[in-house]
Amino acid sequence: MKKRGVLTFLSLSVWWVCWAQDAKDITLYFRNQREQMIEKYNQLYLSGSLVPPSKTQSKITDKLSSFAGDIPVFIANQDAGANQASEVSSLEDGTLEGLDNNKIDGDEIRILLMDAGNVFDGHQEFKNKGSRIFYWDNTANRISSHSTSVAGMIGAKGINLDAKGVLENVTLDTYTYRTSNNKDSFSKLATAPNVNISNHSYGTDLGWIRIHHPYSIYNKPGWYWVGNYRLSNKDTYSGTYYSEDANFDRIVYENPRHIIIKAAGNTYGQGPGANEPKFKYDYSSRSFIPFGETDIIPANNCSKGYNCIGRGSLAKNIIVVGAIEPLSTLRNIYTSPTITKWKYSSAGPRKDGAIKPDLVAVGAKVVTPSYVSKNRDDTYTKDMGTSFSAPVVTGIAGGLTQLNRILTGDKNFTFTADKMKALLIHTANEAGNIGPDVWYGYGLVNAKKAANVLIDKKNGLAYFEKVSLKNGSTFVKEFIGKRGQPLKASISWIDPAAEPFTKEEDQIYNTASRLVNDLDLRIVDTKTFEILYPWKLDIKNPTAPSIKGDNTVDNAEQVIVESPVADRVYRVEVSHKRNLVDTNGKNIPHQSFSIIVTGYSSKVKSSDNSEETPPRRLQIYPTKTRDYVNITGVKKNSLLSVFDFFGNALLSIPIDKDYQLDFSSYSSGVYLLQITDDSQNSKEIKKIIKE
């Protein structure tokens, strides 16, 4: 295993010099944050009642992640033919049309692996092309079988064909998530040199957690409910955007070329059996005590089918990956959206309704290299968990980077985090419900489709760009519809970190959006003036199929025209709400975003960042609805009014732009919706049927 040295530092790019000062500032922020956390832990729990660490464990606080109220929570590994399901093979063998027999194998690609400890670089799966494992952390850390398996999912050579990784020649820079060298995991990420892609197969579990080996205040084997029993026995801190999420968002905002890929977690359905020991937190004694005979025992995690993703996997600027079972089809090839979630793979959404996980990959029953002893270089294990689906996506991100270097001739090319997310969600295979959902996100990652977009872009057949949206303006680009192929647009942007909730009541119940800069993607039919809206989850019914409307919680949006009219012009628009701000809340002149459009016959014109879009006539649709009514082509100084069947006024508000009226709380019946334009002395009235 190689250590960093003089030659390594001499190879760092000039970019690192520019990045160093920003990294120093953010590292100081993380250091102060951690010192406050350690101080709180010491004040609350330095007593003889704590279970001391065993001889084989690091200091307990090295894995301290945060607090759920006063309960300390710790980082843990997210354990459980992935390549075939995600169509990696067409990149590996160079047969994809447009690759010209160039094999995508990870050559000259470096990926940062942050995990439990050292990767066993002596394993036969890592011995090709010399050592491909570089360790940048305290060498006293032990070799980890988990780290070795995760590394194998990304870069195993394939001596055992069942264990082949995505990129057989990739180089891995490895770090431990434990605090070491006076740096926690976030400080290490912020200062890692030249990092572009990093994998994180660990997380913080909440709700019911199982303790096999007692430590800290988890002082007996059994099930512990990490939640505030005084406030709720039906919900937990899961789904809440917290400091770990904000920290990931800060890191990406400061370094937009850092693509962070994170495991969703494995807590779905977890909970104690009737006769198993179970404990709740007692605030008076600051310790866990057994549940009483009359206590209501909280339901198993995700008992309603949603809301069991923990902290650190709810950030906006990262890619969160859930796990599915191997496909049951011939050669494990995707054929339909009917796939099976791995039973413990954690489900979203974030509490504000944001889509999490973002994607899924096969993470169950996968064969990986393992570690038994330094004398055995040929041991393997069969693993399960989001720990092993996340590195599939990580490897694909590295492969797409290598592919684009070949296509562009730029050996130093790297994607930004928002471009990679836009590319992967745009090209994912549909899974579960139509549209994104809380189990599968945007679907099963598909390397071949993503590669085809890059090849099509080179040939002028796909639009994939990074665009700067000026404050107060609208980005506009028009495309001509293509018969028999959906017109599809996706955007993603790097959003400033949001302020985490500090009050426990907010952490459990508050569903306010964590989005800071809210961009809006729309597609307009220029003949009918119909506006098509992006997917979003129904926060009142998260497991229901996605709906379409104004998405105010996600920093990625996608709009699809399922059956565009051939030769009709469709206008793609991106605008924003409120003033655009930076991570400190100060106004900024523009917000960059990445956009992909596919399924068109040609582009017709560009008026990027135009201050005005072409005038549109007033439209109110649909006239029969269960939830929303869209009002488009609104003139300034208009008045929106709603009347019931008897003429009673139920609503009267001024509007000056396109508006989406929420009818979900109205009783079933017939209503009149009126738009009054005082400047033109005109009225538009529509009968609305609420189903």
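**Setting up**

I worked on a predicted model, where local features need pLDDT of at least 70, side-chain atom pairs count only at pLDDT 80 or more, and totals for chains, interfaces and linings use all residues. Residues are numbered from 1 along each chain as its sequence is written, and side-chain values use heavy atoms, with hydrogens and water left out.

**Salt bridges**

I began with salt bridges (a side-chain nitrogen of Lys or Arg within 4 Å of a carboxyl oxygen of Asp or Glu), and the count came to 23. I looked up Asp495 and found a bridge to Lys316, with the closest N and O atoms 2.8 Å apart. Asp495 sits in the loop between strand 20 (487–492) and helix 11 (504–509), while Lys316 sits in the loop between strand 13 and strand 14, so this pair links distant parts of the chain, 179 residues apart. For the element numbers, helices (H or I, at least four residues) and strands (E, at least two) are DSSP runs, numbered from the N terminus. Both Asp495 and Lys316 are buried; that means under 20% relative accessible area, with exposed over 50% and partly exposed in between (1.4 Å probe, protein chains only).

Next I checked Glu325 and Lys365, whose side chains meet at 3.4 Å, N to O. Glu325 is in the loop between strand 14 and strand 15 (359–362) and Lys365 in the loop between strand 15 and strand 16 (366–369), so the bridge ties together parts 40 residues apart in sequence. Glu325 counts as buried because its relative accessibility is 17%, whereas Lys365 is partly exposed at 44%.

I then turned to Arg522 and Asp520, which form a salt bridge at 3.9 Å, N to O. Arg522 is buried at 12%, and Asp520 is buried at 6%. This pair belongs to a network of salt bridges that also takes in Asp518, Asp550 and Lys577.

**A charge with no bridge**

Which side chain of opposite charge is nearest to Arg250? I found Glu499, 4.9 Å away, so by the 4 Å rule buried Arg250 has no salt bridge. (Lys and Arg count as positive and Asp and Glu as negative; His and the chain ends are not counted.) Arg250 lies in helix 7 (residues 243–254). Leaving out residues up to four places away in sequence, Arg250 touches Ile26, Tyr29 and Ala497 (heavy atoms within 4.5 Å).

**Rings**

I counted 26 aromatic pairs, meaning rings of Phe, Tyr and Trp (its six-membered ring) with centres within 6.5 Å; planes under 30 degrees apart are stacked, over 60 edge-to-face and the rest tilted. Phe74 and Tyr218 pair edge-to-face, at 6.3 Å centre to centre and 75 degrees between the planes. Both Phe74 and Tyr218 are buried. They belong to a cluster of linked ring pairs whose members include Tyr215, Tyr224 and Phe288.

I also looked at Tyr229 and Phe291: their centres are 5.5 Å apart and their planes are at 80 degrees, so this pair is edge-to-face. The two lie in separate loops, so the pair ties together parts 62 residues apart in sequence.
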